[in-house]
Amino acid sequence: MNNNTAPLAADSYFFKELISGDVQTANQAFGPVVGSEQTQYRATSKFTTAGDVKAYAICTGQVFIQPHSDTNKINLILRPYRQPMKGVAIKYFIYRGLKKIDFIPSGDTILVGHSQLSTATGFIQTIWNQLKGFNGWTNTEANANDFLAKWIGYDPTNQPDTSLIDDYFFMADAYGDENNETLKPFEFPMISKGTHLGNFIGDYGLDVVLSDGDYKALKSNTGFLFDLAYARAAETVIDTTLLPSGYAEKQYREAITWFMDAAAYYGLHFSEKGKVFTMNGTNEEKKTGQTLYDEIVAQFSTKNNVYLHIQGHLARSYNYYESYSNLVENDEVLKIGVAEDAMATSTYPENGWPVVIQNTAQAHSNETNDIFLQMAHDQTNTLLAYGQVGILSDKAENNFLTEVQLRPETTVDQYGVTAVDSYCKPIGIVVPAIEDNSDKLNVASYLKLLYIGNQLTVLEDANGTPEEKVIKPIDTLFGPINILQRMAQANEDVVSVCFSTKTGLFETKRIDSNGPDNDIVSQTRIIHNKLAFLQNSEISLRNTILYETDLLNGSGESIYLRNSPGTVGAMAKSYPFVKEENNSYQLDKPLFFRTKRFTDYNISVNGVQIKSTIRDYPNKFILGLESSENDQLISLIQNNGAINTSVFLIPFLSEESPFVSLENIRYYKFQIGVLGEASSGILELYKLEDAFSVYSLDQALYFTSKFSEFVQDGLADILLENVTIDKTL
């Protein structure tokens with residue numbers, strides 16, 4: 001059995017505790033809304049109770065409160081500081097339907113007072129202690145002051161529905177008091193896992209929102225917005241009723257892939273290392289295994305649902321671009337079932353929503369259930385699959401299935417006709433199960449499978465003639481482009497980093513035929529960097545942008561010797577840039593930059609490579625641009641209204657044919673473009689009127705001459721040569 005269990009080390013608090021004596025009905029199902037003709041999908045796990053239910057912080061994180069459609073309730077957004085499980089990045093937990101009086105006893109402006117803390121919730125006690133410490137107040141001083149509700153986000157008259165939730169979590173400005181005089185800056189409070197937040201009453205629910213990254217998107221890729229209108233609703237329903245059929249509807253339905261059923265969230269803890277904590281009176285109890293299922297997962301009516309999301313090209317759902325439809329009959333691009341020899345064919349998505357729900361009971365003596373899949377392929381391009389969340393069969397290496405495991409056998413019939421199955425070989429996914437009499441029932445779970453079985457193409461306008469271009473793996477790595485840093489902007493003296501959790505799946509061999517044959521899944525970090533250099537005896541600065549892939553997992557030739565795997569959902573960060581020290585962003589060890597100057601025709605270029613202290617070839621890919629060049633790409637995107645964008649590199653010769661400089665240095669040269677979805681939903685290639693060139697010496701680092709002009713050899717390189725380090729400019 002493949003022991004790459006994902007996720008592992010899941011550690012959370014149960015979000016609610018039913019107070020003894022209350023009557024609770026079954027929860028309303030997460031998933032397609034019954035009777036809606038597949039036009040609505042509930043993304044909130046909802047409950048109803050006749051009394052109070054205590055709400056607890058699932059993990060450690062920041063808290064932000066908002067109104068609810070019922071004026072006697074509020075909603076609370078918890079943004080994780082530490083992700084509660086490996087392999088799944090959570091953007092928010094949204095608690096819907098908490099009693100307002102637990103936070104704001106009356107009106108809309110002042111929280112529970114310091115003198116009433118003896119009967120207040122753990123959350124109110126915690127944030128009052130934080131505010132006292134922040135301002136150095138004694139108890140007497142705290143009793144004489146108010147804790148304004150807007151300091152933890154509740155200021156509805158001054159907060160339009162259209163503003164985004166993240167704009168408040170990352171807000172730089174401090175709130176003032178009622179006279180608009182700031183006591184001291186006060187960020188949204190950080191609370192610990194297991195803190196008693198407040199009490200639910202009546203209808204209540206929980207949204208588990210998956211992260212798409214911690215950047216600021218200038219346009220949504222689905223049309224769905226995580227804004228205050230969303231934050232204030234009683235429940236979340238993805239509703240396509242009023243959308244025109246076609247692309248807009250299909251695009252909007254993709255939003256459901258950013259939500260997880262709370263039953264599946266807790267079901268993911270049902271593993272050897274998973275645990276959920278609950279509060280029994282004043283005693284904290286740990287739940288694992290069967291007890292976790294019986295006391296937590298079984299509270300949901302969806303307790304046996306397994307939700308499967310198959311991701312295809314460009315981080316969209318499988319067959320989103322309909323590139324597999326013509327490879328099989330009747331658009332049935334998926335086979336699925338609980339046994340290899342009993343799979344049924346279907347479209348994907350089969351009900352209009354890009355998530356498959358499986359809840360079939362299985363009769364066997366094994367400890368786990370299995371789900372088997374087969375997807376279409378075009379018989380010529382490389383096949384590759386990766387279980388980002390979920391455990392693949394024992395054929396997988398590090399949860400990857402490659403050409404050998406996926407390519408179906410070629411058959412020759414009695415007439416000598418050669419045929420290949422239109423579907424890949426069966427992919428088995430292991431699902432946790434519990435025994436129910438003679439049946440094995442699924443434990444609610446969420447699975448995410450990345451799959452590539454063909455190549456996409458895009459049309460390029462070549463002097464008025466459409467020319468089909470193959471979308472190469474390198475053309476999907478560097479993005480999203482149409483974004484801003486969350487922690488800093490270009491005019492600030494900081495180096496800042498943000499992350500996209502959009503995962504890419506590819507073979508390194510398809511990028512560089514001379515490199516190692518590895519299979520990679522990665523996400524991208526976007527770095528706003530600064531370089532200091534001397535100009536006319538003065539220190540000048542150059543702003544640059546790096547799109548850098550972070551390895552999440554891989555299989556192949558000693559892959560972990562090249563750079564350590566990253567973490568899904570790493571948080572945005574920044575640090576001050578001191579121009580006198582030139583403390584620019586450097587690659588993580590054991591990687592470093594090495595420079596090598598060459599001539600491109602009559603242009604002298606400071607070439608840059610990625611090197612490693614361990615081996616020569618790193619499984620790391622970087623695009624380096626000067627900030628004004630990146631701004632040109634953003635303008636190109638905005639002028640064309642494109643979404644889901646990435647940098648597209650058009651070789652001047654071919655990928656396998658480098659130039660040779662006067663210095664006898666081999667280099668590759670590309671024209672830069674942008675790949676994106678047009679308003680019609682069709683993939684298009686956008687090019688600048690005055691396009692700049694991108695170079696590469698190693699097909700790992702891609703750079704413009706403006707980016708590389710002042711890049712110096714990395715610190716690791718200097719240390720290796722035992723040279724005295726001079727930090728002056």
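This is a predicted model: local features need pLDDT of at least 70, side-chain atom pairs count only at pLDDT 80 or more; totals for chains, interfaces and linings use all residues.
Let's start in a loop: Asn-330 sits between strand 16 (306-311) and strand 17 (334-337). Residues are numbered from 1 along each chain as its sequence is written, and side-chain values use heavy atoms, with hydrogens and water left out.

**The whole chain**

- The protein chain has eleven helices and 44 strands.
- With a radius of gyration of 27 Å, close to the 27 Å that the globule rule gives for 729 residues, the protein chain is as compact as a globular protein of that length. That radius is taken over C-alpha atoms, and the globule rule is 2.2 Å times the number of residues to the power 0.38.
- The C-alpha trace of the protein chain spans about 85 × 80 × 50 Å along its principal axes.
- Of the 729 residues in the protein chain, 56% are buried. Buried means under 20% relative accessible area, exposed means over 50%, and partly exposed is in between (1.4 Å probe, protein chains only).
- Take the contacts in the protein chain with a separation of 6 or more: residues 24 or more positions apart account for 72% of them. A contact means heavy atoms within 4.5 Å.

**Surface and charge**

- The protein chain carries 57 positive and 89 negative side chains, and the centres of the two sets lie 4 Å apart. Lys and Arg count as positive, Asp and Glu as negative, while His and the chain ends are not counted. Each charge is placed at NZ of Lys, CZ of Arg, CG of Asp or CD of Glu.

- Asn-330 counts as exposed because its relative accessible area is 62%.
- Asn-664 has a positive phi too, near 65°, and is a residue other than glycine. You'll find Asn-664 in the loop between strand 40 (659-660) and strand 41 (666-677), and with 64% relative accessibility it counts as exposed.

**Two cis prolines**

- The peptide bond from Tyr-348 to Pro-349 is cis, with omega near 0°. Pro-349 lies in the loop between strand 18 (344-346) and strand 19 (356-358).
- Gly-479 and Pro-480 are also joined by a cis peptide bond, with omega about 5°. Pro-480 belongs to the loop between strand 30 (465-470) and strand 31 (483-484).

**Cysteines**

- A disulfide is a covalent bond between the sulfur atoms of two cysteines. The rule used here asks for a pair of cysteine sulfur atoms within 2.5 Å, and by that rule the count comes to zero.
- Cys-424 has a relative accessible area of 0%, so it counts as buried. Cys-498 is buried as well, at 0%.

**Buried strand residues**

- Tyr-446 is part of strand 28 (residues 445-452), and it counts as buried because its relative accessibility is 8%.
- Leaving out residues up to four places away in sequence, Tyr-446 touches Leu-210, Thr-257, Met-260, Ala-264, Leu-268, Tyr-307, His-309 and Val-389. Although Tyr-446 and His-309 are 137 residues apart along the chain, their C-alpha atoms are separated by 8.0 Å.
- Val-53 sits in strand 5 (residues 45-56) and is buried, with a relative accessible area of 0%. Beyond its neighbours within four places in sequence, Val-53 has contacts that include Lys-16, Leu-18, Gly-198 and Phe-200.
- Val-494 is in strand 32 (residues 494-507), and at 16% relative accessibility it counts as buried.

**A helix residue**

- Ser-628 lies in helix 9 (residues 627-640). Its relative accessible area is 31%, so Ser-628 counts as partly exposed.
- Ser-628 and Asp-108 are 520 residues apart in sequence, and 45 Å apart in space from C-alpha to C-alpha.

Notes
Helices (H or I, at least four residues) and strands (E, at least two) are DSSP runs, numbered from the N terminus.
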